[in-house]
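Hi there,

Here is the structure I promised to pass on. Have a look first, and then read my notes below.

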Amino acid sequence: MTARAQDAFITTWKTSTADESITIPIKPDLAGYNYSVDWGDGSTSTSQTGNATHNYAAAGIYTVTISGDFPAIQFGSAASADVNDQKLITVEQWGDQVWQSMHQAF
């Protein structure tokens, strides 16, 4: 049997200024995070177990790809203020990871 690559959770985000960051907010009351993020600008972060934040050198629209163990996303929390939440434009693909919760996801 041939193993297949995981289908990732793919989103698009918009930054308005240079050196602006986005944060991928986790749901802190859930365990089991161990994920990687392709930030869409040639940068990646691996072995993430909490919130992941990335600064973009230039303003623009970026496709952000999350793969691995990512059981939930939580916007509207202390870790993800409204200014961060408003940068999310779309969910392009839900992926095939097991979602443990959608409470406060969006």
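A residue is called buried here when its relative accessible area is under 20% and exposed when that area is over 50%, with partly exposed in between (1.4 Å probe, protein chains only). This is a predicted model, so local features need pLDDT of at least 70 and side-chain atom pairs count only at pLDDT 80 or more, while totals for chains, interfaces and linings use all residues. Residues are numbered from 1 along each chain as its sequence is written, and side-chain values use heavy atoms, with hydrogens and water left out.

Salt bridges

A salt bridge means a side-chain nitrogen of Lys or Arg within 4 Å of a carboxyl oxygen of Asp or Glu. That rule gives two salt bridges. In one of them, Lys 87 meets Glu 20 at 3.2 Å, N to O. Lys 87 sits in the loop between helix H1 (82–85) and E7, and Glu 20 in strand E2, so this pair ties together parts 67 residues apart in sequence. (Helices, H or I with at least four residues, and strands, E with at least two, are DSSP runs numbered from the N terminus.) Both Lys 87 and Glu 20 are buried. Asp 29 and Lys 27 also form a salt bridge, at 3.9 Å from N to O. Here Asp 29 counts as exposed because its relative accessibility is 59%, whereas Lys 27, at 6%, counts as buried.

The sheet

Five strands make an open, antiparallel sheet in the order E4-E3-E6-E1-E7; strands pair if DSSP finds at least two bridges between them. E4 and E7 (88–93) are the edge strands, each pairing on one side only. E1 and E7 run antiparallel and are joined by four bridges, and Ile 10 stands opposite Gln 93 in E7.

Thr 12 belongs to strand E1 and, at 11% relative accessibility, counts as buried. Its side chain makes a polar contact of 2.4 Å with that of Thr 90. Such a contact is a pair of N or O atoms within 3.5 Å; within protein, one must be able to donate a hydrogen and the other to accept it, and residues adjacent in sequence count only if both atoms are side-chain atoms.

Most residues other than glycine have a negative phi. Asp 19, however, has a positive phi near 60 degrees; this residue is in the loop between strands E1 (9–15) and E2 (20–24). Ser 47 also has a positive phi, of about 55 degrees, and lies in strand E4 (residues 44–48).

Best wishes
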